[in-house]
Amino acid sequence: MSSEKATRPGPSPRPGRAPVATEATATGATRRLATAAVVLAAVNLRPAVTSLGPVLAEARAGLGMSAAVAGLLTSVPAACFALVGVLAPRLARRYGAAGVIAAGTALVTVGLAVRPFAGSTAPFLLLSALALAGIAVVNVLLPAVVKQRFPERVGAMTGLYSMALNLGAAGAAGLTVPATHALGGDWRLGLAVWAALAVVAVPPWVALLRARPGTAGADGSTGAAAGTVPAGAAPVADSRITAHPVAWALAVYFGLQATAAYVIMGWLPQIFRDAGLPAETAGLLFAVTSLLGVPLSFALPAVAGRLRDQSGLAVVLGCFGLAGYAGLYFAPAAAPWLWAVLIGVANCSFPLALTMIGLRGRDTATVVRLSAFAQSAGYLLSIPGPVLVGVLYQHTGGWRLPLLLVSVLMLGQIVAGRLAGRDRQIG
C-alpha cells in the first residue's frame, strides 16, 4: 500500500491556474538569476575607466585638461574605491547586498551617460566619481555575494565574474575608438554609449531584491538574509582583520596591483601613440591586455583555489609585468604586441587578489570585512602612483622615468604577494 502511494501520480493542476513553484525550482531560478546578475554587474566594473584611455588625447583637448590633471583622473577610481568601498558592508547590512548593488549600477549608468557632455574638467571629474562610487560598492560586495550564494563554487564563480570584468574592460578599450568614428567622430558619444551596457545590469539586481521571501539562497539562507550580509560577527571580524599581518599583506598587494592596473588603463594607449602607433592600434593593443584576462581570469582562480599557497603565482605574474615594462622602456614600437601580452598576463593579479581574499577568510562575514579592508586600504595606497606617472610624464616629456617607477612598484607587489599568498586564514 505504501508503495502504491509513493508511485501514484499527484492531482493535475486545475485548468487556468499555474502550478505552484516548489522550493527546489524557486531556488534553481534564483541561482540562475544571481549568476546573471553577478556577470552583468562584473561586465560594468571597468568600462568607466578603460573607455577613456583610447580617447584621452581628444578628451584632454576638448576639456582643456593638462597631463597632470589627466594623471589625477587615473587616480579618481582608486580614491572612490577606497573612500566609498569602506561603506559597502554597512550599507549592505542595512539595505541588503542586492539593493546596494542595484543602486550602484544605477549610479554607474547615470555617470557614464552624463559625464561626456560636461563642459570642463571639474564636472567631468565629478561625474566620473559618481560612476566610480557605484562601482566601488559593487567591487566590495561581489566577493561576499559569491561566497554566500555559491559557497561550494567560490573559485569557479570568482573566475566567471573576473572573466566578465575583463570582457567589459577589453570591449570598452577596443571599441571606444570605432564607436567614436561610427558616431561622427565625436569622442563624447563614443564614451556615452557605455551607459547602455550599464543600464542592462540594473534589472537583475532589482529582481533579486524583490525575490519571494521564502526562496532559499544557494547557501541555505532564506528571505532577506539571502540578499544581505551577515552582521553578527562583523565587529569581531573588524578587530581581527586590522591586527592580522596577512590582511595587511593582502591590502598592500591589492594596492600595488591596482596602481599598475590604473597606470596601464590610463596611460598605455598614450605610451603606444607617443611611440608612433595610430590611435586605433593603440586601442587594440590595450584591448589585448584585457582580452588575455578573459581566459586567464577564469582559469587562474580555479588553479589558485586548489593550491594551499598562492605565493608562487603572485611572483610569476609580477615577473611578467617586469618583462613588459622593460619592453616598453627600451623599444615600445619594436614588439608592441608582445609587450601587451606580457602586461595582460601581469594584470591577472587582480583576480588572484580576489581569490586570495575569499580563501583567507573562513566565513562569509569575514570575507565581507576582509574585502572591504583590503580593497579600501589597497585603493587608498594606489592613489599616488598614477598621479606621479602623469607628473613625471609632463615634466620629462617621455616615458622612461615613469616606467622605472612602476617597475620598482612591481617589485614591491611581488614581495607583498609572497606574504599574502601563504596558507593562513583569518576569522
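Colour by secondary structure to begin: the protein has 22 helices and 0 strands, where helices (H or I, at least four residues) and strands (E, at least two) are DSSP runs numbered from the N terminus. This is a predicted model, in which local features need pLDDT of at least 70 and side-chain atom pairs count only at pLDDT 80 or more, while totals for chains, interfaces and linings use all residues. Residues are numbered from 1 along each chain as its sequence is written, and side-chain values use heavy atoms, with hydrogens and water left out.

Now switch to a surface. Of the 427 residues, 54% count as buried; buried means under 20% relative accessible area, exposed over 50%, and partly exposed in between (1.4 Å probe, protein chains only). Contacts, meaning heavy atoms within 4.5 Å, can be sorted by sequence separation: among those with a separation of 6 or more, 84% join residues 24 or more positions apart.

**Stop 1: helix α22**

Select residues 400-420, which form helix α22. How far apart are its end C-alpha atoms? They are 30 Å apart, which agrees with the 30 Å that 21 residues should span at 1.5 Å a residue, because the expected span is 1.5 Å times one less than the number of residues.

Show side chains next. The buried residues of α22 are Pro402, Leu403, Val406, Ser407, Met410, Gln413, Ile414, Ala416, Gly417 and Ala420. As you look along the axis, keep in mind that an α-helix has 3.6 residues a turn, so residues three or four places apart point the same way.

Leaving aside neighbours within four places in sequence, Ile414 is in contact with Val315, Gly318, Cys319 and Leu322. Draw a distance from Ile414 to Gly312 as well: these residues are 102 apart along the chain, yet their C-alpha atoms are separated by 9.5 Å.

**Stop 2**

Select Ser382, in helix α20 (residues 364-382). Is Ser382 buried or exposed? At 1% relative accessibility, Ser382 is buried. Its side chain reaches the backbone oxygen of Tyr379 at 2.7 Å. For a polar contact, a pair of N or O atoms must lie within 3.5 Å; within protein, one must be able to donate a hydrogen and the other to accept it, and residues adjacent in sequence count only if both atoms are side-chain atoms. Beyond four places in sequence, Ser382 touches Ala78, Gly255, Ala258 and Thr259.

Then move to Thr109 in helix α7 (residues 97-114), which is buried at 14% relative accessibility. The Thr109 side chain reaches the backbone nitrogen of Val199 at 3.3 Å. Not counting residues up to four places away, Thr109 touches Ala195, Ala198, Val199 and Val202.

**Stop 3: Leu33**

Select Leu33 in helix α2 (residues 23-43). With 27% relative accessibility, Leu33 counts as partly exposed. Apart from neighbours within four places, Leu33 is in contact with Pro204, Ala207 and Leu208.

**Stop 4: the largest cavity**

The structure holds 8 cavities of 30 Å³ or more, a cavity being a set of points on a 1 Å grid over the protein atoms alone where a 1.4 Å probe fits but cannot get out, with lining residues having an atom within 4 Å of a point. The largest has about 200 Å³ of space. Of its 17 lining residues, Arg46, Asn166, Ala261, Met265 and Asn347 are the closest to its centre. The largest share of the lining, 5 residues, comes from α14.

Key. 1 Å grid on protein atoms, 1.4 Å probe; cavity = no way out; pocket = protein on both sides within 12 Å on 5 of 7 lines; lining within 4 Å. Points joined across faces, edges and corners; volume = space filled by probe spheres on them.
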